[in-house]
Structures are given as structure tokens and as C-alpha cells.
Amino acid sequence: MLKGNSESGKERCEPPRALIGPLLHRQREGSHFTVSVFTVTSRSVTARWSTYPGANSYKVTATPKNSNEGPVFATFGGNIVMGSVRSLQPNTMYIVRVDAMDNHNLLNSATLETLTAPEVPTINQAYSKHSDSITVEFTEVTGATEYVLRAQTLDGQFFKEMSVGSSPGTIIGLEPYTEYSLNVLSVNGGGRSQPSVPRVVRTVVEAMVMNTTSPSNSTIFVSWEPVDHAVLYSLIIIREGSDSRMKVNTTSTDHTFSNLEPGTRYSIKGNGWDADGNMGDERTVYQITRPLSPDDVSLSLTPGRFMGMTVAWADVRGAEMYQARTSMEQNCSSDNENYCVISSLTCGQNLTVTVTAENDGGPSIPSEPEEFITFPCPPDSIWVEEREAGVCSVMWTAVDYADYYMAFVKSDDGSEERCNTTGTVCQFSCLCGFTFFPTVFAHNQAGVSAPGPVLTYTTIPCCPEDVFVSLISTETLEIQWSAVRGAELYETTAADQTDPIIQCNDTAPVCALSDLTCNRRYSVVVRPCSEIRGCNNTCRAHVQETAPCTPEIFNITQLGVSQVRVHWTASNAEANYTVSAVGRTDTHQCHASSGSWCDISNLPCGTTYEVSAYATTSAGRSLPSYSQTLETEPCCPNDLVVEQVTQAMSRVTWSTATGARSYITSLTSPKGHAKCHTMNTECIMGCITCGTNYTVTLEAISKTGHKRECQYQGFSSKPCCPSSVKLYRMANNTLRVYWRSSGSLHNHVADLYGTSSNYTCSPPAGSNYCDVSEIICGEVYTVVVSPLAQDGNKISFCPRRMYSVSCSGNTLGMVIYRGKRSVD
């Protein structure tokens with residue numbers, strides 16, 4: 001705690017803030033200067049403030065809000081941020097003001113309101129009545145809303161607080177026989193008062209843990225473990241419903257109470273005493289003495305099909321349960337009634353019966369035994385003989401003490417036959433598919449025996465009459481029938497002369513026999529079975545043929561453009577075959593009643609088909625064979641055009657061919673040939689000889705390699721261009737164009753192209769020059785000589801030569817060759 005110069009007395013250490021209650025105050029703030037309550041007690045307030053720039057001291061003043069008493073203040077240095085004012089009045093509302101000051105002036109201030117804690121209580125007395133608690137009586141003070149009880153061991157190892165509303169108050173959760181220092185603090189909205197003057201109190205010894213038993217119907221034995229710090233023990237026993245009591249003091253840890261009433265409940269209180277004579281915790285237990293033995297025991301038979309024995313007795317005081325027991329260890333019990341029934345008697349013997357009364361204290365002594373003779377035993381061996389179908393005999397061994405026998409034969413359909421005889425045989429009717437339950441009872445004067453062993457006899461199941469066999473897939477038979485009596489399982493078999501027997505076992509009246517051999521006749525038998533009697537082997541057979549075997553296509557031969565032959569193999573004895581070729585838009589079929597092939601015709605070119613075959617017999621249709629892919633030859637293009645591009649190159653174009661993925665185009669002549677392989681519908685073909693006739697063919701090829709050769713109209717290449725084209729100057733402003741002919745007698749045309757004028761000359765056929773007059777000099781001329789095709793058109797791909805023609809006065813000057821270029 002920080003200290004300062006205080007006019008209220010010397011500063012004291014305050015309890016930690018965590019140990020005080022909530023503070024009731026209202027805080028005001030100056031500009032950037034705050035104050036808050038740190039803690040309050042009954043006579044002091046401790047305030048905390050923020051530092052203020054320039055302040056070298058702080059003054060804390062507490063003024064009663066609703067009282068005429070003067071203020072109390074204390075002054076603290078400039079480095080102090082917390083201080084207390086003392087000598088205040090308990091349970092009083094104060095206005096607390098903190099002034100920040102320099103040497104001469106008030107710089108800033110902040111105020112708040114707070115309530116001081118109530119007056120310190122005084123402990124009047126404190127005592128322990130229980131080993132885990134201490135009760136404190138104290139003076140109540142004005143303004144307190146509650147009080148805090150504080151307990152602390154003398155060595156300081158244990159500390160506990162508990163809030164109470166008024167006096168007296170009890171603090172719990174303490175240890176037995178332990179000294180504690182006790183304080184009381186008063187509490188209001190402002191906080192807690194200082195602790196009261198302590199009072200030292202020791203808790204009492206803990207309670208005895210008693211165990212009780214009733215060794216007899218007149219005694220109770222009590223025992224307990226030693227209690228720490230106890231030097232004497234007190235026991236008080238009180239009979240239930242009575243004020244009479246017996247008290248015992250002892251230093252031992254057990255005691256027996258005798259001469260008690262049988263079947264009576266007692267309460268037993270016990271406590272220990274310490275060496276100072278302080279009584280410890282008290283504990284009460286309850287114990288009932290054992291009851292007396294029952295008397296007036298009587299025995300009688302219980303009527304009914306299953307005979308029993310009723311045991312009755314007179315009520316016994318204090319008994320909570322009765323148990324009757326025979327000399328053969330059979331028993332019965334009852335909680336509320338004075339009788340019980342032993343239903344499982346042992347037959348053919350003399351028995352003795354005793355009854356015992358019981359309660360929480362234990363059982364009584366058994367009553368005097370009573371004798372009883374039981375009814376006869378049932379036959380221990382029973383069997384059924386069926387010497388002819390439908391007539392059975394139930395038989396059994398003789399039983400001692402039996403005067404006569406009653407045999408009952410129940411059927412599983414609810415009907416029953418009975419037979420009364422002094423012998424050991426009874427007859428009954430037994431049809432197929434039924435289960436019978438015979439049992440035999442023995443009778444004498446004491447009554448009827450318990451049921452003898454119930455025999456289960458099952459006749460053989462009946463054969464189903466409405467068996468229906470159907471072919472549900474090529475090699476699977478489905479067999480259905482109506483359920484028959486007595487059948488727990490059906491065994492269905494299918495057999496022929498060569499295959500092993502196929503078998504199906506199921507509890508349902510339906511079965512599927514799969515994995516049979518195709519194109520076979522099977523004998524199908526349904527045998528109903530039961531676990532006890534086995535299967536009925538007299539049921540008749542049903543014949544069913546499986547579907548034909550699936551053919552296998554092993555070859556497809558192309559007979560022509562539109563016809564194929566399909567070959568297959570099959571292992572059917574007699575069957576008709578159908579072959580189908582299925583395309584995207586059409587289907588074609590062929591049939592054969594014998595053999596292993598058939599032809600499919602009228603197939604269009606360039607089409608893909610899935611070819612499969614199946615067989616048909618009177619039993620049904622086989623599965624289709626695995627499909628083979630058939631691709632017919634691709635179609636030829638409808639149109640093909642050959643166009644010459646240059647003197648040695650041509651372009652061939654054609655329309656798309658159905659079914660073709662690539663094409664091989666050929667131009668063939670005695671002088672050579674050209675070929676192009678492409679996936680497009682055009683080809684550029686080089687190495688063409690000019691002025692030559694060519695044969696044109698196209699081969700269409702499918703994606704799987706099928707080929708179709710197509711012939712088209714021949715093609716003639718255009719005439720050859722002349723060579724050695726030259727330009728000469730002649731008289732009278734004339735130029736001569738000269739060339740060397742390719743050897744054919746084609747007409748030629750010579751063209752001169754200038755910047756301002758063009759000239760053309762056409763010599764007679766067979767000539768190799770021509771003259772052009774009235775030439776304008778001083779220009780560059782492009783000279784081209786072109787042969788004429790058969791249709792009279794000029795060949796457009798011949799090369800061009802360039803010449804410059806100068807002027808010499810008004811006439812032509814020099815003709816200079818400037819080079820050549822190919823066609824534009």
C-alpha cells in the first residue's frame with residue numbers, strides 16, 4: 001500500500017481487492033483525470049487516480065453525503081496514484097474528491113460516490129454439533145445485507161468462507177475433530193467490514209458407522225469401526241411405535257441387545273464422545289428381529305391339467321416373505337399372501353414340506369414338516385409306428401402307480417384325437433404332409449401326471465401336382481409349383497442322358513436351374529423334403545427342352561459389291577438359322593434351314609453393318625452370336641474434275657464418297673504417270689507432260705482398308721509452251737517475235753505488253769515468228785508466246801520475257817533483253 005501524509009491517522013494494510021464485495025460508487029471524470037475506488041472498509045476508503053501533468057501533489061477528501069459531519073482528507077506526493085482516507089463512519093455514503101495540484105494552484109479534480117462497509121460484527125458464541133460444521137452466533141449490525149463466515153485452520157493450511165443472511169450462521173465442509181479460527185465480516189453494497197475478533201472452536205468427532213444383524217428372533221447384534229479421538233460410545237435402542245428405550249455406554253466396538261420381541265423393527269442411535277466430554281455426530285440405523293416359525297401348515301392339490309401343491313400357513317408377525325420347501329428341494333414363496341403353489345412336483349414319491357418366515361433380519365426356524373404323496377409319473381418313453389400309409393400307432397412304456405392312461409394326438413392343423421386305455425397302445429390316422437404331437441398322461445387316485453414327453457412325428461411331404469416348367473433364358477429353366485404340406489425344402493433336379501444332374505434346393509416353391517446345356521431335353525423332378533423324413537422320391541418327372549445353342553460366325557466373304565456370304569458353326573441337332581446385318585438405317589437378313597452358310601444381297605456401298613446369327617427350334621430361340629463388323633466397299637465419287645494448273649502440274653477434285661476415308665488418284669499415259677494419296681477431296685499432281693492424253697482412275701479406301709476402284713473420262717494435257725522466245729528489231733519501226741516450236745502444229749499467239757500500248761500478232765499454223773509494226777520506242781515490253789488449245793483459248797501458263805526498246809531519233813534503237821519471269 002502506498003503511503004502519504006494523512007490527517008486521518010497512520011495508514012493500514014487493506015485486504016486484497018479479490019476478497020471484498022462489489023463497490024457501490026458513482027465516478028466522475030475531469031478532463032483527462034479519472035478517479036476510482038480501489039477498496040472500502042467500515043472506516044476507510046482507498047482511491048486510485050490517474051497521473052496529471054504538472055501535479056506535484058494530490059489531495060483526497062471524503063465528505064459525508066447526508067450528514068453534517070465534516071470532511072476527512074489526506075494529501076499525497078506527486079508520484080503517488082493511490083491513497084486512503086480514514087476515520088470514516090460505517091455504512092455511510094461519502095463523496096470522494098481527488099484534487100491534482102502544483103505548488104500553489106488546483107490543476108484539476110475528479111469525484112465519485114461510495115458507501116463504506118457496515119460496522120464489524122461481534123461473535124457471541126461458536127459451537128460444533130456436527131463433525132463437518134460449526135455454528136456461529138454473532139451481533140447483527142446496521143446496514144449489513146449479508147455476513148461472511150470465515151474458518152481457517154490454526155496452521156493456515158485450510159481457508160473457507162460462506163455467506164449467511166443473519167445470525168446464527170453455520171459454516172460446513174469442515175473436518176472432524178479439528179480446531180478452526182472463526183471470524184465474521186459484515187457486507188453491504190460498498191464492500192466488507194474488517195474481520196471480527198477470532199474465536200477458536202473444534203469440531204466434534206465423526207459419527208459411528210454401525211452394522212446390525214439379527215442372530216435370532218429375540219436379539220440384535222451391533223458392531224462398528226473405532227472412531228478417531230472417541231473414548232466412549234453410546235447406544236440407544238427404541239422399539240418401533242413405542243417410547244420405551246434402552247441406553248448403553250461402552251468402550252467396546254460391538255454390543256448385543258437381547259430379550260427383544262420377534263418380528264419387530266427397532267431404531268438404534270449411536271454416537272462417540274471425545275476426551276473432553278463433547279458428544280460427536282449421531283447416526284441412526286434400523287434393524288428388524290427375525291420372525292417366529294409359521295404354524296398351522298396345510299397341504300392340498302392344485303386342480304388343473306398340470307397338477308401342483310398348495311401350501312398354506314398362519315400369518316406371522318413381522319414376516320415380509322414366506323418360503324415353502326420340499327424334501328426334494330422344490331420350493332415356492334409369497335410376499336403378501338399366506339399361501340403359495342409348488343407347481344413342479346416330483347411324481348411318484350412321498351414328500352415332506354416345511355415353511356419358513358423371513359424379513360430383513362433373516363429367516364425363522366422352519367416349521368414342523370408335513371407329509372404329502374404325489375401323483376404318478378408320466379411315461380418316460382413314447383414312440384410312433386406307421387405300418388401302412390395313413391394308419392399310425394402311438395406306443396409307450398408302462399408307469400408304476402398308474403391306474404389308466406390318456407393319450408392325446410394333436411395335428412399341426414389344430415385337430416386332435418384322444419384315446420383312454422389301460423394298455424400301452426393307441427391308433428390314429430396320419431396323412432402325408434402332416435406333423436403329429438402325441439403325448440400320454442398317467443392317472444391315479446392322487447391325480448394326473450405331468451405331461452409326458454411330447455413326441456413330434458412327421459409324415460413324408462406330399463408331391464406337388466401343378467408343376468409348371470418354363471424356359472426363361474436359353475439355358476435356364478424356371479420351375480414353379482404350389483407349396484405342399486409338410487415340405488420344408490424342395491429339391492429340384494434336371495437330368496438328361498449325358499450331362500450330370502443339375503440340382504436346386506430352396507424353401508420357396510419356385511426354382512431356377514441354370515447352366516444347363518443348350519439344345520438338350522431334360523427330365524425335371526420336384527421332390528418335397530422335410531428335415532425329419534427326408535425327400536419324397538415318388539414324384540413324377542416333367543420334360544423340357546432348352547433353347548438351341550448359339551451359332552458362331554467364323555467368316556464373312558465378299559462375293560461382290562453388294563453381296564456377302566456368312567459362314568457359321570453350330571452344335572444343334574435340328575435348327576433354323578437367321579443371319580442379320582444391322583446398319584444405322586437398314587437391316588438385311590438371310591435364312592438357312594440346314595447347312596452352315598447363307599448369302600446377304602443388295603448391300604449398299606460404303607456402309608457398316610453388325611452381323612450376327614441366331615438359331616431357332618420349337619423350344620425357342622438361341623442367344624445371338626457374337627457380332628462381326630461388316631464394312632462394304634466404299635462408294636465411288638459421283639463427280640471428278642481434272643484441271644491443268646501449270647505446264648507440268650494439274651489439280652484433280654472430286655465429290656465425297658460414302659464409306660471412304662482416303663483416296664488414291666492416278667493419271668496414266670505412255671509417257672509416264674502421276675499418283676496422289678490423300679484424305680481430302682482434291683489433289684495437286686505434278687510431273688504432267690504437256691500435250692499428252694491421260695487415263696484417270698480413283699481408288700476409294702475405307703477406314704478398315706476396303707478398296708473400290710473407279711474409272712473416269714480421260715484427260716488431255718494442254719500443248720507445250722514454245723522455247724527460245726526472242727525479240728528482234730526490224731526496219732520501219734517493226735519488231736519480230738521469234739520462238740522455237742515444241743514440235744506440234746498448234747497455232748500460236750504472241751503478245752507484247754508495254755506501259756502505254758499492247759500488241760498482238762498471230763502467225764499461220766506451223767510458223768515460228770511474227771512481226772509487230774508501229775512500235776513505240778523508249779519502252780519496256782513483256783513478250784509472251786502462247787499456243788492455242790483445241791478450244792481456241794490461249795495457254796495461260798507460258799513464261800514471259802522482258803525487253804527494253806530504245807529510240808534512235810524517230811526510229812527504233814537497240815533491243816535489250818532484260819530477263820524473264822514466270823506467268824503471273
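Of the 824 residues in the protein, 44% are buried, where buried means under 20% relative accessible area, exposed means over 50%, and partly exposed is in between (1.4 Å probe, protein chains only). Keep in mind that this is a predicted model: local features need pLDDT of at least 70, side-chain atom pairs count only at pLDDT 80 or more, and totals for chains, interfaces and linings use all residues. Residues are numbered from 1 along each chain as its sequence is written, and side-chain values use heavy atoms, with hydrogens and water left out.

Let's start with the big picture. You'll find 70 strands and zero helices in the protein; strands (E, at least two residues) and helices (H or I, at least four) are DSSP runs, numbered from the N terminus. With a radius of gyration of 66 Å, well over the 28 Å that the globule rule gives for 824 residues, the protein is more spread out than a compact globule. That radius is taken over C-alpha atoms, and the rule is 2.2 Å times the number of residues to the power 0.38. Along its principal axes, the C-alpha trace spans about 175 × 140 × 40 Å.

What about contacts, meaning heavy atoms within 4.5 Å? Among contacts with a separation of 6 or more, 58% are between residues 24 or more positions apart.

Now zoom in on D99, which sits in strand β8 (residues 93–101). D99 counts as buried because its relative accessibility is 9%. Leaving aside neighbours within four places in sequence, D99 is in contact with S57, Y58, K59, L106, N108 and S109. Its side chain also makes a polar contact of 2.5 Å with the side chain of R97. (A polar contact is a pair of N or O atoms within 3.5 Å; within protein, one must be able to donate a hydrogen and the other to accept it, and residues adjacent in sequence count only if both atoms are side-chain atoms.) A110 is 11 residues from D99 along the chain, and their C-alpha atoms are separated by 6.8 Å.

Further along is Q323, in strand β26 (residues 321–326). Q323 is buried too, because its relative accessibility is 17%. Not counting residues up to four places away in sequence, Q323 touches N331, C332, S333, T354, V355, T356 and E358.

Our last stop is G792, in the loop between β68 (779–787) and β69 (800–808). Is G792 buried or partly exposed? Its relative accessible area is 43%, so G792 is partly exposed. N747 is 45 residues from G792 in sequence, and the two are 8.8 Å apart in space, C-alpha to C-alpha.

Note on methods. Contact = heavy atoms within 4.5 Å.
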